[in-house]
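Reader: Hello! Could you show me how to read this structure, step by step?

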Amino acid sequence: MAEKARIGVLISGRGSNMASLIAASHAADSPYEVVFVGSNVPEAAGLDLARREGIATWARSHKGMKRAEFDALMDAELRAAGVETIALAGYMRLLSPEFIERWQGRILNIHPSLLPLYKGLDTHARAIEAGDAKAGCSVHIVTPELDDGPVIAQAEVPILPGDTAADLAARVLIEEHRLYPEALARFVRERIAA
Ligand code: GRF
C-alpha cells in the first residue's frame with residue numbers, strides 16, 4: 001500500500017467527528033492516517049481521546065492573541081508534524097486569511113447544514129424555524145469566507161414533526177460521522193491520483 005496521507009485534525013470541543021475520522025483511519029485500506037490533533041481549547045474533551053490513541057496533540061488557548069499570531073503558531077506545529085491535509089472537526093474559530101492561503105485547497109470542514117443553506121451557528125433551529133422538510137450536513141473545502149468553499153459531499157436527513165433542535169442535531173450527527181471519513185478518504189485518494 002502506498003504511503004498514507006498525513007491528516008491534522010483541529011477541534012474545539014467534544015471531538016466526535018474527530019473520533020469518527022480516527023476510527024475509520026484504522027481500516028487497513030484507509031488512504032489516510034491522523035498524525036496530529038490541535039485545539040484552541042486546552043480543555044477540549046476530544047484531546048483526551050486523541051492522546052489515548054497515541055496521536056500527537058497540541059493545545060493552546062487563543063485568548064489574548066491576535067488571530068494571525070495564533071494561526072502562525074498552529075501552522076508551525078502542523079508543518080512540524082508533517083501534516084498534508086487539515087480536517088476541521090468542530091473547530092469553532094475563524095482561521096486567518098494568511099493561514100487559509102498557506103493551506104489553500106488542503107483544508108476541509110464539516111458543517112451541520114445543507115450548504116449553502118444556514119452558514120454559521122444554530123443551523124438546526126434555523127432549519128426547523130424555516131419549516132424545511134429536510135436538513136443534513138456538508139463537507140466542503142475551506143476558503144476565507146465562513147462555511148463557503150466548494151461542497152464535496154452532502155448527506156440529508158428528514159425533519160420530523162415535533163423535532164427539537166437537539167433531536168435534529170442528533171439525527172444529523174449520525175450522518176456526519178458516516179460522511180466525513182468517506183469524504184476525506186475520497187479527497188485524499190483523488191489528490192494522490194492527481
Ligand atoms: C458538528 O456538528 C460539526 O458539524 C460542527 O460542530 C459540531 C462538532 O461536534 N462543525 P464534534 O466536536 O465533532 O462532536
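**Around the ligand**

Author: Let's start at the ligand: a backbone N or O atom of G15 lies 2.8 Å from one of its oxygen atoms, a polar contact, meaning a pair of N or O atoms within 3.5 Å. This is a predicted model, in which local features need pLDDT of at least 70, side-chain atom pairs count only at pLDDT 80 or more, and totals for chains, interfaces and linings use all residues. Residues are numbered from 1 along each chain as its sequence is written, and side-chain values use heavy atoms, leaving out hydrogens and water.

Reader: Which polar side-chain atom lies 2.5 Å from an oxygen atom of the ligand?

Author: That atom belongs to R14. A polar backbone atom of N17 is 2.8 Å from a ligand oxygen atom.

Reader: How do I read a nonpolar core?

Author: In soluble globular proteins, nonpolar side chains tend to be buried together. A core here is a set of buried Ala, Val, Leu, Ile, Met, Phe, Trp, Tyr and Cys residues joined through side-chain atoms within 4.5 Å; buried means under 20% relative accessible area (1.4 Å probe, protein chains only), exposed over 50%, and partly exposed in between. The largest one has 37 residues, and I7, V9, Y32 and V37 touch the most other members. Helix 6 gives the largest share, 9 residues; helices (H or I, at least four residues) are DSSP runs numbered from the N terminus.

Reader: Why does L168 count as buried?

Author: Because its relative accessibility is 0%. L168 lies in helix 6 and touches residues including H124, I128 and V157, where contact means heavy atoms within 4.5 Å.

How values were computed
Helices (H or I, at least four residues) and strands (E, at least two) are DSSP runs, numbered from the N terminus. A polar contact is a pair of N or O atoms within 3.5 Å; within protein, one must be able to donate a hydrogen and the other to accept it, and residues adjacent in sequence count only if both atoms are side-chain atoms. Lists of a residue's contacts leave out its neighbours within four places in sequence.
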